[in-house]
Amino acid sequence: MSTLAEARPTKAQTRPTDAVVVVTGAARGIGAASAHALAEDGWNVAVVHRSGGDVAAALADQIVEGGGRATSISADLRNPDDLDRVFAEAEALGPVLGLVNNAGVRADNLALSISDDEWDLVLDTNLSAAFRLTRRAMRSMLRARFGRIVNVASVVGPRANPGQANYAASKAGLIGMTKTVAAEVARKGVTVNAVAPGFIATDMTKDLSPQVLEAVPARRAGQPHEVAACVRFLASDAAAYVTGTTLYVDGGMSA
Amino acid sequence: MSTTTDATQVEATVYKSLETFGAEPTAIKREATFEELDVDSLDLAELSQIVEDEYGVKFNSSDVENLKTVGDAVDFIVQRA
């Protein structure tokens with residue numbers, strides 16, 4: 001009888017040297033920090049942004065000046081036609097074997113007052129676009145028998161946050177999608193994970209009162225690079241056996 | 001596309017893909033069922049992407065359900081290409 005260690009032996013999965021990671025919402029905050037961290041780890045990086053043209057181009061230039069390969073791509077991820085262009089431009093650097101679904105928006109309101117437009121904007125950007133990018137990226141990942149998808153979720157979703165029913169639904173949806181897609185493709189060398197940041201000091205949280213930190217055991221906001229470090233790990237060869245999970249980066253908020 | 005050469009090309013594409021999915025090369029033949037080859041629904045979804053890219057033939061989920069053997073898949077692609 002064979003042992004567990006002998007069953008279905010597989011060769012170590014390592015990232016091809018020309019692999020590209022597509023990072024959405026990469027002009028600033030967690031996305032920009034993730035783009036930097038992944039470039040440091042040897043990924044070619046496609047810096048995808050909607051409205052941060054100059055900043056995104058500068059970020060790509062910084063990566064190139066540091067010896068890496070990068071390109072910035074402007075796209076509205078709510079437009080399915082833009083998705084094909086993102087991949088066409090990213091694939092000029094190499095096969096897309098990494099995807100960080102980070103692009104996200106907020107349109108806060110009490111559920112009673114959330115308009116259809118506010119609901120659709122948040123769900124389309126945060127969840128539906130992430131799904132379409134995932135579906136497209138899996139093509140090359142499955143063929144390469146290597147892929148890393150990291151979805152940037154939130155502590156909001158698994159837990160309540162009044163005024164953010166749309167945002168919470170999108171982020172909880174991302175975590176659900178992460179688990180199921182991970183289970184579907186695990187045996188093909190493709191991992192799908194999520195990170196769930198708490199209060200991180202970014203443009204998205206700059207309007208929040210410091211009082212929110214009372215709910216954080218660490219008593220401080222996190223920094224984008226602290227989330228990026230987790231994204232970098234989940235996208236690494238070392239994380240080959242980590243899939244379908246959500247890594248909370250929240251100073252203990254969800255403990 | 002219905003010439004013998006084209007059918008041979010399609011067969012080669014399908015066989016190569018099945019081998020990539022982990023099917024035993026010596027077991028891959030027209031009569032072999034996907035179940036016998038341990039080719040599952042994800043493999044067939046991946047095969048449909050490869051075929052779409054190479055031959056422009058789209059499978060929908062009901063098409064895939066009707067494909068039981070390797071020969072079924074090859075014939076389907078040749079007819080639609």
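1. Conventions. The model is predicted, with local features requiring pLDDT of at least 70, side-chain atom pairs counting only at pLDDT 80 or more, and totals for chains, interfaces and linings using all residues. Residues are numbered from 1 along each chain as its sequence is written, chains are lettered from A and ligands numbered from 1 in the order in which they are written, and side-chain values use heavy atoms, with hydrogens and water left out.

2. Confidence. The model scores ipTM 0.80 and pTM 0.92. Within chain B, helix H4 (residues 70-80) has the highest confidence, at 93, while helix H3 (residues 61-66) has the lowest, at a mean of 84.

3. Fold of chain B. Four helices and zero strands are assigned to chain B, as DSSP runs numbered from the N terminus, with helices (H or I) of at least four residues and strands (E) of at least two. The order from the N terminus on is α-α-α-α.

4. The C-alpha atoms of chain B fill a box of roughly 30 × 25 × 20 Å along the principal axes. Of the 81 residues, 42% are buried, where buried means under 20% relative accessible area, exposed over 50% and partly exposed in between, with a 1.4 Å probe and protein chains only. Among contacts (heavy atoms within 4.5 Å) in chain B with a separation of 6 or more, 56% join residues 24 or more positions apart.

5. Charge in chain B. There are 6 positive and 18 negative side chains in chain B, and the centres of the two sets lie 4 Å apart; Lys and Arg count as positive and Asp and Glu as negative, without His and the chain ends, and each charge is placed at NZ of Lys, CZ of Arg, CG of Asp or CD of Glu.

6. Asp63(B). This residue lies in helix H3 of chain B and is buried, with a relative accessible area of 12%. Beyond its neighbours within four places in sequence, Asp63(B) is in contact with Lys58(B), Phe76(B) and Arg80(B).

7. Gly147(A). In chain A, Gly147(A) belongs to strand E5 (residues 147-152) and is buried, at a relative accessible area of 0%.

Notes
pLDDT is the predictor's confidence in each residue, from 0 to 100.
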